[in-house]
Amino acid sequence: MNTPLALNQANLSRLPDRLSRPTYDRGRLTTGIVHVGVGGFHRSHEAFYTDQLLESNGLESDAAAQWGICGVGLRQSDRKMATILKQQDYLYTLIVKHPDGKIETRVIGSIVDFLMGCDDPASVIDRMADPATKIVSLSITEGGYNVDAETGEFDTSNPDARHDVDHPSQPKLVFGYLTAALRKRRDGGLPAFTVQSCDNIQHNGDLTRKMLVGFARLQDPELAAWIDSEVRFPNAMVDRITPVTTDADIEFLRTEFNVDDQWPVVCEPFCQWVIEDHFSAGRPDWQNVDVQFCSNVTPYEEMKLRLLNAGHSVLGILGSVYGYQTINECIHDDLFRDFLRQFFDVEATPVLDAVEGIDLDQYKATLIERFGNPNIRDNLARICLESSSKLPVFLIPTIYENLAKGGSIRHAALVIAAWCYYSEKHADRHGQPLDVTDGLKESLHEAAKATRDDRLSFLRIQQLFGDLADNERFAQTYLEMLDRMDRTPDVSEHMRAVLGDAGGAS
Ligand code: CS2
């Protein structure tokens, strides 16, 4: 075999025809979108939709060419992405894996630049403040919003936040960057850009507004008021399962297409983006490539967070303790699949609002199919990554609402008891170590360990569970599950028990 062709602009025309690639003139693209947090998800979702749009309109007009994306990394951990994308002229391959084994591949061309904030903060601030920039979008993870869990306000105790208040031109957090850029725009008489959150958070736009205005107020109350009135923060629901890229994926492109892409992205065929149509300075015609615009995204967000994301966490935690590696492995075990479906039906759905035009039964069946896609092999370690930022959004609200309505809480209680075990042992039921990554790893571990003397210590972590420990009904059910986990960490036994008594009183 020939030496693989490096993926870059000069080699694009030399790639095999079977590998779809941009036919639009990337050289004409200007940067209308600055995106903070370029990982797999941004590259399989917003950058994918934008590439589809650029391809479909063929850049017929200058207006169409204004929506190139400039990626931004704020931290050292973004360096690998920055380096690889730069070497590849910001091109990468999207590998879409269908459940039946079919694979679609396309080189995506919508990203046209990349800046590293930690190297040169001014370059990022200037790019955001540039008149060409119309949208700054974010995928900074659920934990990136710097929310004080107790008050729900901007967390001013974060040392990086305090640093940013005192050093407006050398920020560390995204809110410092946005504030500095918006100040420049206001002072220069430019309109504000839109801030578009692409994270799995309920009312992600509203939360972004609250955090940004909260931060800006500490620095400059007048500017904060301007931001509050001028910047639009559309709420949005984002969805596409995007597992971690493996060496096998890189190898696949080498053997199949003789191309050397150092960091391709793998994803499922399903893709959805529902956005509230409020933008400060225009937006791409994403509706032409199946992005849905609506006036109120709340029911979509809730459905997705409390079914898909919560379902992932349910399987992620129980599956990890059981000793499974991937979501599809869980789904192919009847017990795990039935448990998940029952959690959906008995706990999650009864506290969900109806979503116009969506048949929830069908949605749930589709989720199980998507999770079961044997070619995606979504790692449970990815799903459990930063669970302490995820469960309060994905699962805990369902528990509270069920408690208020007298609904079932047993499935969720078992998941939390299993999470306590996971946090104490950092190992599966056989004692095999688990790869645990969580900002609260240490405090979770301490609280979980302390349950030996104080049974509710884990549940008392207020920033995660609020006052669930004071709710007698929940505490009792949780203690029953904790006792079960003490008897045996074989979660399958407890899942069977919960399955058996669902429908009855909890
Ligand atoms: C996952 C999500 O992070 C998680 O726990 O549930 O990354 C999920 O795969 C995406 O939200 C799918 O759209």
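**Exercise A**

Decide whether Asp220 is buried or exposed, and find its contacts and its place in the chain.

*Solution.* Start with accessibility. At 17% relative accessibility, Asp220 counts as buried. The scale is this: buried is under 20% relative accessible area, exposed is over 50%, and partly exposed is in between (1.4 Å probe, protein chains only).

Check the ground rules next. This is a predicted model, where local features need pLDDT of at least 70 and side-chain atom pairs count only at pLDDT 80 or more, while totals for chains, interfaces and linings use all residues. Residues are numbered from 1 along each chain as its sequence is written, and side-chain values use heavy atoms, with hydrogens and water left out.

Now place the residue. Asp220 sits in the loop between helix H7 (204–219) and helix H8 (221–230). Helices (H or I, at least four residues) and strands (E, at least two) are DSSP runs, numbered from the N terminus.

Last, list the contacts, meaning heavy atoms within 4.5 Å. With neighbours within four places in sequence set aside, Asp220 touches Arg183 and Arg186.

*Solution.* Asn204 belongs to helix H7. Its relative accessibility is 0%, which counts as buried.

Then look for a polar contact: a pair of N or O atoms within 3.5 Å. Within protein, one atom must be able to donate a hydrogen and the other to accept it, and residues adjacent in sequence count only if both atoms are side-chain atoms.

**Exercise C**

Work out the strand order of the open sheet that contains S9, and say which strands stand at its edges.

*Solution.* Two strands pair if DSSP finds at least two bridges between them. The sheet has three strands in the order S9-S12-S13, with mixed pairing. Strand S9 (236–239) and strand S13 (292–294) stand at the edges. Each has a single partner strand, so one side of each lacks a neighbour in the sheet.

Take the geometry next. Axes are lines fitted to C-alpha atoms, for helices over the stretch in contact, and angles run from 0 to 180 degrees between N-to-C directions. With direction ignored, neighbouring strands of this sheet are turned by 15 degrees against each other on average.

S12 (residues 272–276) and S13 run parallel over three bridges. Val274 stands opposite Gln292 in S13. Finally, helix H10 (residues 298–322) lies across S9, S12 and S13, at about 35 degrees to S9.

**Exercise D**

*Solution.* Recall the background: most residues other than glycine have a negative phi. Tyr90 lies in the loop between helix H3 (79–87) and strand S4 (92–97).

Asp290 lies in the loop between S12 and S13.

**Exercise E**

Which residues surround the ligand, and which side chains come within polar contact of its oxygen atoms?

*Solution.* A residue counts as near if one of its heavy atoms lies within 4 Å of the molecule. The surrounding residues are Asn200, Asp239, Arg240, Ile241, Lys304, Leu308, Asn309, His312, Arg382, Ile383, Lys390 and Phe394.

Now go through the distances between a ligand oxygen and a side-chain N or O atom:

- Lys304: 2.6 Å
- Arg382: 2.8 Å
- Asn309: 2.9 Å

How many residues of helix H15 (residues 387–394) are buried, and what covers them?

*Solution.* Seven of the eight are buried, so H15 is largely enclosed by the rest of the structure. Among the buried ones are Lys390 and Phe394.
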